[in-house]
Amino acid sequence: MAEVVLQHVMKYYGSMAAVNDVNFTVNHGEFVALVGPSGCGKTTTLNLIAGLLPMSGGDIKIGDRIVNDLDPKDRDIAMVFQNYALYPNKTVFQNLAFPLQMRKLPKDEINRKVQEAAKVLDITHLLERKPRELSGGQQQRVALGRALVRDPAVFLMDEPLSNLDAKLRVQMRSEIKRFHQDLNATIVYVTHDQLEAVTMADKMAVMNGGLLQQYDTPAQVFANPVNMFVASFIGSPAMSLVPLDVATVDGKTVLTSAEGWNLPLSDANARKVAGASSRKVVLGARHSTIKLHKSQVAGSVPSKVYTVEPTGDITFVQAFLSGAIVNISLPPTASVAPDEMVWLEFDQERIHLFDGETEMALRAA
Amino acid sequence: MTTLAGHANAPRGSIPARPSILQQMWTSRADYLYVLPAIVVMLIVIAYPIYYTIELSFFKTPPGLQLRDKIFVGADNYTAILSSEVFWRVTINTVIWTLASTLIAFVLGYGAALALHRDFAGRAVLRAILIIPWVISAVAASYIWKWMYHSDFGIIGQVLVQFGFTDRQPNFIDNVHTVLPSLIVVNIWREFPFAMIMIMAGLQTVPEQLLRAARVDGASTWQRFWHVTFPHLRGVSTVTILLLAVANFNSFIIPWIMTGGGPSNASHIWITHIYELAFGRQRWGVAAAYSVLLFVILMALGYFYVRALSGNEKEQGA
């Protein structure tokens, strides 16, 4: 096991930078999720770490070796692919044995290692089957097994759960998490599903447009998103973002809407917006931090309900606010109807403020 | 709600008895009507000729006689064929021609497809050039090669002489020993692009992730081919070989135009021989008997073809 270090990693396709100056360090035994929308460069980054693509610039270190020019097989990595990539003409046993045979290990050692891995993953009874005779979950376990037998320094996983159905995905999610804990494995895990990243990873690297947006623990990324992209990508339902203007009313800083209402800011928040590059500011709030009132209370702003979505233990309400849609979660007992006028109250301690021009989070100076 | 659920379950208990096959045919009578014209045409252009050929194979048709005055001879035509020396000569030629053409064309096409699958400058041009033999007319190709093999003016002979491999121009297609291999070379040249195209299409379907997985697992280029690509192409390879085999078994143009089966039957294969018997010597009955034998052999090949195809489906469907 070892750490993985990416320094100024670049990957160009023509003049398009698929991966643009990405830097991060995966510590020994850490589970890092690369997360972002399609085309954000996360899979390319993983393939660069694996050595399946040549880099355009920068350095990748695995352990204490710079591996830039090493073949995938010499990088001491194992990879798990989205559609498992099991050899269809080989049995499960032969699939697990393949990387060891390529390493020219003696037969009895191969046999022992395959049996061990099969035992860990509970697939001993499947060893004589062909991949097509297995369910999706079983195939995924075999793919994990093929990575496991190698005893690699780093496990690279490319959306390993996205081909599974929803129920199995939740189950395999905890199995992979367990796998990580039991083996103390270093894992780099690519996913487009922020929920997977948040639930499994020690750290997450949020990527967009080839750029690393934020690299931190899921809790930090959730609580302190650095910009509007991260804020809207992490969390479900997404953080509501309402573009507003800064104004001063009676010597107090307020956010003002074209709809004609003002939202007074606390002193701390007023200091944050003072640092904005223009008067345009975006107000961000997560669904659970917004209170919904049936009548006006101090500091609340008027809004109109768009949809009401009961999910059982939480009812999600979408409401229009200054041209944007705001998500609010309510207890299932709440009775709200579409098109009803309501008043929303924001928790000044927990709102996020973003610069309307740069889209970066505003921090207290 | 409960009554609704009970209602929805009701039909499950009382599945009606399966209608008899006649009833089924009657309910879909319109469908039969739609395919009727096609069936009639098929009967006229396929079934009747097959029947007539089988019938004719039991008759003798002396050249002086009208075809309708044919004389019934039982299985004489068959016994005559099987006991004739020419039959065995032609059969051996056909086997050599089919096996050599099919296997060598397949291996060459396979190799060309693998070479062209990699990305390099000029790949598209090279691919277009390699397909030329397959798209030009077989008749034209035969005449071109006939000239290239010519014993006085042929370019191949001249090159051999110039480079000192031989003193005088070899007589490729007028020599009983070299004529069949020479024709096989032309045939391979003409049909290896077909194998190449088939294998190239197959190569596009090799999952990229499998090749990457094999690379991470430490497989070399050759090992990736042997463990991933080759097994993946097994289905398309089987089909290609069978199609080539059937086409070669039925070859006519190249041997007929280049040599007409000669010299002394050395390049006769079944089809050219049947053609000569029927249209050259008017021995319709013997030619028909030959055709029936050929038909049986090709049906057997067709059976394997269908089995190979359905075998693939089973593998991919499961």
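These legends accompany several close-up views of a predicted model.

In this predicted model, local features need pLDDT of at least 70 and side-chain atom pairs count only at pLDDT 80 or more, whereas totals for chains, interfaces and linings use all residues. Residues are numbered from 1 along each chain as its sequence is written, while chains are lettered from A and ligands numbered from 1 in the order in which they are written.

**View 1. Chain A and its two domains.** Chain A is divided into domain 1, residues 4-227, and domain 2, residues 240-355, with bounds that come from an automatic or database domain assignment. The C-alpha centres of domain 1 of chain A and domain 2 of chain A lie 40 Å apart, and the C-alpha trace of chain A spans about 80 × 45 × 35 Å along its principal axes. Chain A holds nine helices and 20 strands, where helices (H or I, at least four residues) and strands (E, at least two) are DSSP runs numbered from the N terminus. Of the 365 residues of chain A, 41% count as buried; a residue is buried if 20 or more other C-beta atoms, placed from the backbone, lie within 10 Å of its own, exposed if 12 or fewer, and partly exposed in between.

**View 2. Helix H2 of chain A and what covers it.** Helix H2 of chain A, residues 92-102, is mostly covered, since eight of its eleven residues are buried. The buried residues of H2(A) include Val92(A), Phe93(A), Leu96(A) and Phe98(A), and what covers them includes helix H3 (107-121) and helix H4 (136-148) of chain A. Just after H2(A), Lys104(A) takes a positive phi of about 60 degrees.

**View 3. The crossing of H2(A) and H4(A).** The axes of H2(A) and H4(A) come within 8 Å and cross at roughly 30 degrees, where axes are lines fitted to C-alpha atoms, for helices over the stretch in contact, and angles run from 0 to 180 degrees between N-to-C directions. That angle makes H2(A) roughly parallel to H4(A), because angles under 35 degrees count as roughly parallel, over 145 as roughly antiparallel, 65 to 115 as roughly perpendicular and the rest as oblique. The crossing of H2(A) and H4(A) is right-handed: a crossing is left-handed if the near helix is turned anticlockwise from the far one by less than a right angle, and right-handed if clockwise. Val92(A), Asn95(A), Leu96(A) and Pro99(A) of H2(A) make the contact with Val142(A), Gly145(A) and Arg146(A) of H4(A), two residues being in contact if their C-beta atoms, placed from the backbone, lie within 7 Å.

**View 4. Where chain B meets chain A.** In this view, 15 residues of chain B are in contact with 17 residues of chain A. Helix H10 (208-216) and helix H11 (221-232) of chain B each supply at least two residues of the side of chain B that touches chain A, and H10(B) gives the most, with six residues.

**View 5. The packing of H10(B) against H11(B).** H10(B) and H11(B) pack at an angle of about 140 degrees, with their axes 10 Å apart, which makes H10(B) oblique to H11(B). The crossing of H10(B) and H11(B) is right-handed, and the contact is made by Leu210(B), Leu211(B), Ala214(B) and Arg215(B) of H10(B) together with Arg224(B), His227(B) and Val228(B) of H11(B).
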